[in-house]
Amino acid sequence: MPNPNENALSIRELSVTFDSEDGAFEAVRNVSYDVPRGKVLAVVGESGSGKSVTANAILGLIQAPGRVSNGQILFYPKKGNPVDITTLSEKDDLLFKIRGGKIGMIFQEPMTALSPVHSIGNQLCEALFLHKSVDKKEAERVAIEMLEKVGITDPATRLKQYPHEFSGGMRQRVVIAMALICEPEIIIADEPTTALDVTIQAQILTLLSKLQKETGTSVIFITHDLGVVAQIADDVAVMYKGRIVEKGSVRQVLKDPLHPYTKALLAAIPSQKNLGARLPTIDSVLGDTDISTHTELIEIGAGRSVALAPEEAARHSK
Amino acid sequence: MPTTKPILSVKRLSKRFPIYSDGVVRRVVDNFTAVNDVNFDLMPGETLGIVGESGSGKTTCARCVLRALEPSEGEVIFQSRNGPLDLAQLSEKQLKPLRQEMQMIFQDPFSSLNPRMTVGETVAEPMLIHKLSKGAALKEQVVSILEKVGLAAEHLNRYPHAFSGGQRQRIGIARALIMKPSLIVADESVSALDVSVQAQVINLLQDLQEEFQLTYIFVAHDLSVVKHICDRVLVMRKGEVVESKTTSELFSNPEHGYTRSLLSAIPSPDPDIPLQPIAYKE
């Protein structure tokens, strides 16, 4: 078992299966990753790669016909014993405390993540009432403080307003405030800036980065945008068809990608390098390379692993 | 600069939306100017990018050009097959035959296709509306255009739900192309797609442009995509064009403070280039 002080969360050999009439489909296959305490781990991949399903499993949110078919999700709270989230039942008090309490969630769509019929203050305080024993006055005080922290001016007035009175960027700030208000140890951010304009995205990334450093929270940042990964994350795991194909520090993986899929993903971004030329697509970069033969992640040192043929991985080994 | 005439010449284009009073009798109390005094020329085969944040008026501007919205003021001179016409002045009836020559590709491949129509019906529909073809000949045309966009005859009888986002976008492109248009407005047509699918669709749009001499207006908020495919760019903010330049000039030498703030906000996939967004102040 890894040192609990180092990691806030460890996923071990996780598989998530969806059963259907046509048989079982494994959306997540044998995925393992660690979220170091106080660090940001980015999980990247295209739609259908299983990155969000993995995140949902962490919160115990996999619903039928889906099920966790294998593996462990070990959560190491700062105080208390490690918990394997996969063993908790839906009615377990502990799962209730973890979900939204110890582990917070920031969703993609600030439009749908907030209830349109409750005031912002109501929604912020609800999280506090559920997870902390506070009275109304204290909850409001904390909520105001939190709104101020995420850069909302005149928070006392804004507290009484409804989501439709906020712009997209402001709503995402409210969603971030909601995720942070119970002082979680881990935050899962699922494409939190994808729906935003590029200037607002820059503001939200800067804010998230600042708050993360201040509070020392660990973050799992799910995105498909490698530009965002480069700016916010310490480590990155690249997912493809339910598996991790490469993981390591952001610098290692983005500057010197080893797996053909990571290379292809980076090459497909319109940039200075391919200006005026046809964009390389995943298929054209991969060519005849079959990336489904070697699925085993091989550690090659310096905290890096890649799913390559053993002899090829050995060549990159440090 | 080619010596040919512009295919599209937009002059002093404005669009105002009325703001109504509360109450039972709704009176117009004010106007909201969504597009204000936009001017540009577009040469045949050129790709013009219109960029800006949500609410900047970029989509409204593009829709006014196609008369999907009524412009409040200005001229939209379009070189049709029968000579130049001011689209802003024509009646709906006069516009109808022209609609074949200008088509639109939409943002969301999930909501822009009718879920109850097969791919074949969806792609054939505009031809039937304009009574351009029918029967076996039409089917042949549909198959040929589907093949052009990388789909096949076997897809004809399937419904949109059976396709991925990238494939759906190809269906939308096929539907626009079957009319053999000269002008295509693509409104955020690749923003909902994954980066690898996005690359395929961008390549497809560029191949088709070459093959059919298409002129594109590309409405987008992703500046790296715009940089890749556009010849010229209009930067819009609050309904006005704040900067209009060739793409290479815009990216190497942005003059307007707002353009600079937009460019500075793009996160680079190189971890050694930190994000340093410049705030824009009026």
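Reader: Which residues of helix 7 of chain A are buried?

Author: A:Gly169, A:Arg171, A:Gln172, A:Arg173, A:Val174, A:Val175, A:Ile176, A:Ala177, A:Ala179 and A:Leu180. Buried means under 20% relative accessible area, with exposed over 50% and partly exposed in between (1.4 Å probe, protein chains only). Helices are DSSP runs of H or I with at least four residues, strands are runs of E with at least two, and both are numbered from the N terminus.

Reader: What am I looking at, before we go on?

Author: This is a predicted model: local features need pLDDT of at least 70, side-chain atom pairs count only at pLDDT 80 or more, and totals for chains, interfaces and linings use all residues. Residues are numbered from 1 along each chain as its sequence is written, chains are lettered from A and ligands numbered from 1 in the order written, and side-chain values use heavy atoms, without hydrogens and water.

Reader: Back to helix 7 of chain A. Why is it largely enclosed?

Author: Because 10 of its 13 residues are buried, helix 7 of chain A is largely enclosed by the rest of the structure.

Reader: What covers those buried residues?

Author: The cover includes strand 6 (103-106), helix 3 (110-113), helix 4 (120-131), helix 5 (136-149), strand 7 (186-190) and helix 8 (198-215) of chain A. Contact here is heavy atoms within 4.5 Å.

Reader: Core next. Which residues touch the most other members of the largest one?

Author: A:Ile176, A:Ile181, A:Phe221, A:Val229, B:Val123, B:Ile173 and B:Phe218, out of 114 residues. Helix 6 (residues 195-212) of chain B gives the most to this core, eight residues. A nonpolar core is a set of buried Ala, Val, Leu, Ile, Met, Phe, Trp, Tyr and Cys residues joined through side-chain atoms within 4.5 Å.

Reader: New topic. What is the strand order in the open sheet of chain A?

Author: The order is 2-1-4-5, four strands with antiparallel pairing. Strands pair if DSSP finds at least two bridges between them.

Reader: Which strands stand at the edges?

Author: Strand 2 (23-36) and strand 5 (83-84) of chain A. Each has a single partner strand, so one side of each lacks a neighbour in the sheet. Strand 5 pairs with strand 4 (residues 66-75) over two bridges. A:Leu74 has A:Asp84 as its bridge partner there.

Reader: And A:Ser15: buried or exposed?

Author: Buried, because its relative accessibility is 5%. A:Ser15 lies in strand 1 (residues 7-20) of chain A. Beyond four places in sequence, A:Ser15 touches residues including A:Glu26, A:Arg67 and A:Asn70.
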